[in-house]
Amino acid sequence: MSVKTLPLVHIETFGCQMNESDSELVRAMLKQEGFVFTDDRERADVVLVNTCAIRENAHKKIYLHLSELKTVKKQRPLVVGVLGCMAQNLKSELAHKEPLIDVLAGPDSYRQLPSLLTTALDAQEQGLARKGFALDLSEYETYEGILPDRNDGVNAWITVMRGCDNFCSFCVVPYTRGRERSRDPESILLEARDAATRGFKQITLLGQNVNSYRHEEWDFAKLISAVADQPGIERVRFTSPHPKDFPPALIEAIATHPRICKHIHLPLQAGSDRILELMGRTYTGAEYLALVERIRMTIPCIVLTTDIICGFCSESDEDFQATVHLVEQAQLDSAYIFKYSERKNTIAARKYADDVPDQLKGQRVAKLVEIQRAITAERNRRYIGKTVEVLVEGDATRSSTQGMGKTDGNITVVWDKHTGHSEPGTLMTKHIFDASAATLYGA
Ligand code: 5AD
Ligand code: SF4
């Protein structure tokens, strides 16, 4: 390969933590081949945009960003690479319609990036426009043997499985990230030890469907316990599991291991059994509630969060009321609530009409957000008067005179630094004297 001068690469990441983690893999692979990274887009020879396809507004945000890059590219030579889920999802549309894009690579094709970028840079030097695409999904690619080039900080992401075989009818992920495959536990443990040696205090295990992790006799409960046993690691988190397989052994592992965080993000999606069935979620509202109950019986201090979609195909007022009722019954600690956004090629796009008017979807989201906000505020108030352990992350967003950290349950705590502060990555105890729906205030 002919990388002549050291090309400067700038990478921008949209979407979920899995994309953050993928960008770290991309950085590692490119650095190995002599590429150098810069935080300053103005100086970059190559700009990579790691994209998300989960909802239409993710697409819109990225299109807006690409149009900004177009202006930059008019002023000077620039190679633009679009990576990730939107690249995979919109292959031909993006590739052919968009002159801006030189390289397109999907989530399973990043090993090809060094050669694709070198070819694009060479072509540009010769005044040629040559596009390079790598969009094959793989049943095996887990980027084994590549240690991510991590951002400094407190938390290290470790992807333990890739892809998803659930095919929830609304979801684009099985099409953008392909079939489910799990990594070798030994290499995951090696990565955890490496992160600990580099000073990371928290590990978050990632997978689109993380509790379906399976490798020979290893299941997710065994894996997370083994990661939490690694010396130097203070906290281990994971995201996101599917409620359909939450075995007692996993609940037990979370309950008993002191370093596995007492937080479970458990996507509900809807409270109406009819809608859950159309979504292909394979559980009923009652089964979800029973799981919540089971988890709370074993781990009373657990923090439970969720995802909910409003306005899925054919959702009636009655269906929506079922979601409201379930949210009120479950009393979860917080929720991300989205308007349904039809994605091309998904089962829902092929089989059902996206027939809830946008305005009504918006009204339902607003109503549910309000209901959940009150529940969250109420639940957060339970911490007032208690002492919690926080892992310090740094300054609060609002003021550098305030520190910020997270509880074991992933709730944000803010304090005035003069009441006691420490370096990011330190565990501190804070006494909580006030709480809102977003924050606990401690001293
Ligand atoms: N429309 C709206 N929300 C979606 N999600 C996934 N697909 C869609 C879609 N088509 C939500 C789900 C998922 C979260 C990551 O995004 O709630 O849990
Ligand atoms: Fe977006 Fe889903 Fe892809 Fe993550 S996996 S980047 S949320 S589409």
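At what angle do helix α9 and helix α11 pack, and how far apart are their axes? Select residues 248-256 for α9 and residues 285-298 for α11: the angle is about 35°, with the axes 9 Å apart. One thing to keep in mind as you click around is that this is a predicted model.

Look at the way the pair crosses: α9 passes α11 in a right-handed crossing. Now show side chains. From α9, the contact takes in I251, E252 and A255, and from α11 it takes in L291, I295 and T298. Colour that set by class and you get 4 nonpolar residues, 1 polar and 1 charged.

**Next stop: another helix pair**

Select residues 17-32, which are helix α1, and residues 113-125, which are helix α5. Their axes come within 9 Å and cross at roughly 65°. The crossing of α1 past α5 is right-handed. Where do they touch? On the α1 side pick V26, M29 and L30; on the α5 side pick L113, P114 and L117. The class count for this contact is 6 nonpolar, with no polar and no charged residues.

**Over to ligand 1**

Which residues sit around ligand 1? Type in I54, R55, F170, Q269, D307, I309, F338, K339, Y340, S341 and R343. By class, that shell holds 5 nonpolar, 2 polar and 4 charged residues.

Now for some distances to draw:

- R55: an N or O atom of its side chain is 2.9 Å from an oxygen atom of ligand 1.
- Q269: a polar side-chain atom lies 2.6 Å from an oxygen atom of ligand 1.

On its own, ligand 1 has 400 Å² of accessible area, and the protein covers 86% of that. To see which elements give two or more residues to the shell, highlight β15 (303-310) and β16 (334-339).

**Then ligand 2**

Select C16, N19, T51, C52, A53, I54, C85, V173, R177 and Q208, and you have the surroundings of ligand 2. The classes here come to 6 nonpolar, 3 polar and 1 charged. Keep I54 highlighted for a moment: I54 is among the residues around ligand 1 and is also listed around ligand 2.

Which two residues does a cis peptide bond join? Zoom to T239 and S240, where omega is about -15°.

Finally, centre on Y143. Its phi is positive, about 55°, although Y143 is not a glycine. You'll find Y143 in the loop between β6 (132-134) and β7 (155-159).

Conventions. Residues are numbered from 1 along each chain as its sequence is written. Chains are lettered from A and ligands numbered from 1 in the order in which they are written. This is a predicted model: local features need pLDDT of at least 70, side-chain atom pairs count only at pLDDT 80 or more; totals for chains, interfaces and linings use all residues. Side-chain values use heavy atoms; hydrogens and water are left out. Axes are lines fitted to C-alpha atoms, for helices over the stretch in contact, and angles run from 0 to 180 degrees between N-to-C directions. Helices (H or I, at least four residues) and strands (E, at least two) are DSSP runs, numbered from the N terminus. A crossing is left-handed if the near helix is turned anticlockwise from the far one by less than a right angle, and right-handed if clockwise. Contact means heavy atoms within 4.5 Å. Ala, Val, Leu, Ile, Met, Phe, Trp, Tyr, Cys and Pro count as nonpolar, Asp, Glu, Lys and Arg as charged, and the others, Gly among them, as polar. A residue is near a molecule or strand if one of its heavy atoms lies within 4 Å of it. A polar contact is a pair of N or O atoms within 3.5 Å; within protein, one must be able to donate a hydrogen and the other to accept it, and residues adjacent in sequence count only if both atoms are side-chain atoms. Accessible areas come from the Shrake-Rupley method with a 1.4 Å probe; for residues, only the protein chains shown count as cover.
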